[in-house]
Amino acid sequence: NAVNNYLRKQARQLENELDLKLVSFSKLCTSYSSSRDGRRGETSDTTPLLNNSSQDRMFDTMSVEIEQLLAKLTVVNDKMAEYTNTPGTASLNAALMHTLQRHRDILQDYTHEFHKTKGNFLAIREREDLLGSVRKDIESYKSGSGVNNRRTELFLKEHEHLRNSDRLMDDTISIAMATKENMTSQRGVLKSIQSRVNTLANRFPTINNLIQRINLRKRRDSLILGTVIGVCTILLLLYAFH
C-alpha cells in the first residue's frame with residue numbers, strides 16, 4: 001500500500017506539472033501568430049530570423065520538457081499497473097484498477113492536447129515561413145532595376161502574344177478540318193446524285209445536255225469556293241503571325 005501511495009503521489013505531481021506546462025505551451029502557440037503579424041511591418045534587416053526567434057527557442061525547450069514529463073508519467077503508470085498485478089493485492093484490486101484507469105485517461109488527454117497544440121504551432125510556423133518567402137520574393141522583384149522590370153514586362157507580353165497566336169492557329173486548324181469533313185461528306189452525296197443523274201442522262205439526251213450545263217456550273221462554283229477558302233486561310237495566317 002505504501003508503494004501504491006508513493007506511485008500515486010508521483011503521478012499527481014507529474015500531472016500537476018504537465019497541466020501548468022500545457023497551459024503555458026498553449027498560450028505560447030496562441031500568441032505566436034499575433035506577434036509574427038506585428039513584425040511584418042519591420043524591414044528585413046531588423047526582423048530576426050524565424051528559427052532564431054525567442055518564441056521558437058521557447059517552443060523547442062517546452063516541447064522537450066513536456067515530452068520528458070509525459071515519458072515519466074508513462075513509466076509511473078506502468079509501475080502502478082505492475083503493482084496492481086502483484087499477488088496479495090486482490091482485496092484492493094478494484095480500487096487500484098479504477099485509480100490506474102483514471103491516471104491513464106489523464107495521461108492520454110495530456111498527450112492528445114500536447115500533440116494537437118504542437119501540430120497547430122508547426123502549421124502556423126510553416127505558413128509564416130511560406131508567407132515570408134513570398135514577401136521576400138516580392139520585395140526582391142520590386143527592388144530590381146527599372147530595366148529588368150521593363151524586360152520582364154516585355155517578355156510577359158511576348159509570351160502572351162505567342163499563346164494567343166497558338167490559340168488562333170488551333171482554331172484555324174479546327175475550322176479547316178471541319179470544313180474538309182463537311183466537303184468530303186457533300187462530295188459523297190453529290191457523287192451519288194451524279195451517278196443517278198448520269199443514268200437518267202444516258203436514257204434521255206435532253207437531260208444529258210442539262211447535266212453537262214450543271215456540271216460546268218458546279219466546276220465553276222467549286223473553283224470560286226476553293227479560291228475563297230484559300231484567301232481566307234492566307235488572311236488568317238497573316239493575322240496570326242502579325
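Predicted model: local features only at pLDDT ≥ 70, side-chain atom pairs only at ≥ 80, totals over all residues.

Reader: What makes Glu65 and Lys21 a salt bridge?

Author: The closest N and O atoms of Glu65 and Lys21 are 2.5 Å apart, and because the definition asks for a nitrogen of Lys or Arg within 4 Å of a carboxyl oxygen of Asp or Glu, the pair qualifies. Glu65 lies in helix α2 (residues 54-84) and Lys21 in helix α1, so the pair ties together parts that are 44 residues apart in sequence.

Reader: Why is Glu65 called partly exposed?

Author: The relative accessible area of Glu65 is 28%, and since buried means under 20% and exposed over 50%, a value in between is called partly exposed. Lys21, also with 28%, receives that label too.

Reader: Which parts of the chain does the salt bridge between Asp56 and Arg125 link?

Author: The side chains of Asp56 and Arg125 meet at 3.0 Å, N to O, and the pair links Asp56 in helix α2 with Arg125 in helix α3, 69 residues apart. Both Asp56 and Arg125 are buried.

Reader: How do you know that Asp19 is exposed enough to belong to the negative patch?

Author: Asp19 has a relative accessible area of 37%, and patches are made of residues with over 30% and no salt bridge, so the accessibility condition is met.

How values were computed:
Residues numbered from 1 in each chain as written. Heavy atoms only, no water. Buried < 20%, exposed > 50% of the residue type's maximum accessible area, 1.4 Å probe, protein only. Helix = DSSP H or I, 4+ residues; strand = E, 2+ residues; numbered from the N terminus.
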